[in-house]
Amino acid sequence: MAKKTVASLQTSSKRLTKAIKMIKSPKSGAYTFTESVMAPEEVGAWLSKK
């Protein structure tokens, strides 16, 4: 189960997006958050990857 939060960030020359993915641990059942800053075109592939 992944919940996505996407925020657009703009720097001087590039558009970047910060994506946050929630991942459930199989051992404890606790959720952890993984975040990454990338180009907007890569967000869908990153979120669908396990």
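Where is the place of Ser-36? Select Ser-36: its place is in strand E3, where helices (H or I, at least four residues) and strands (E, at least two) are DSSP runs numbered from the N terminus. Before going further, note that this is a predicted model, in which local features need pLDDT of at least 70 and side-chain atom pairs count only at pLDDT 80 or more, while totals for chains, interfaces and linings use all residues. Residues are numbered from 1 along each chain as its sequence is written, and side-chain values use heavy atoms, with hydrogens and water left out.

**Around Ser-36**

Ser-36 counts as partly exposed, at 23% relative accessibility; buried means under 20% relative accessible area, exposed over 50%, and partly exposed in between (1.4 Å probe, protein chains only). Apart from neighbours within four places in sequence, Ser-36 is in contact (heavy atoms within 4.5 Å) with Thr-17, Lys-18, Ala-19 and Trp-46. A further distance to display is that from Ser-36 to Ile-20: 6.7 Å from C-alpha to C-alpha, at a sequence separation of 16 residues.

**The hairpin**

Next, select residues 15-24 and 31-38. These are strands E2 and E3, which run antiparallel and are joined by eight bridges; two strands pair if DSSP finds at least two bridges between them. Within this pairing, Met-22 has Phe-33 of E3 as its bridge partner. Six residues lie between the two strands of this hairpin, and Gly-29 in the turn has a positive phi of about 85°.

**The salt bridge**

Now show the side chains of Glu-35 and Lys-18. They meet in a salt bridge, 3.2 Å from N to O, the criterion being a side-chain nitrogen of Lys or Arg within 4 Å of a carboxyl oxygen of Asp or Glu. The pair links distant parts of the chain, with Glu-35 in strand E3 and Lys-18 in strand E2, 17 residues apart. By this rule the count comes to one salt bridge. Lys-18 is partly exposed, with a relative accessible area of 29%.

**The nonpolar core**

Which residues form the largest nonpolar core? Select Ala-19, Met-38, Val-43, Trp-46 and Leu-47, the five that make it up. Such a core is a set of buried Ala, Val, Leu, Ile, Met, Phe, Trp, Tyr and Cys residues joined through side-chain atoms within 4.5 Å. Helix H1 (residues 43-48) contributes three residues, the largest share of this core.

Move to Lys-14, in the loop between E1 and E2. Lys-14 is exposed, with a relative accessible area of 56%.

**The whole chain**

Finally, zoom out and colour by pLDDT, the predictor's confidence in each residue, from 0 to 100. The protein averages 82, and 74% of the residues score at least 70. Confidence is lowest in strand E1 (residues 4-10), at a mean of 63, and highest in E3, at 92. Where pLDDT is low, the predicted coordinates should not be read in detail. From the N terminus on, the elements run β-β-β-α. Of the 50 residues, 16% count as buried.
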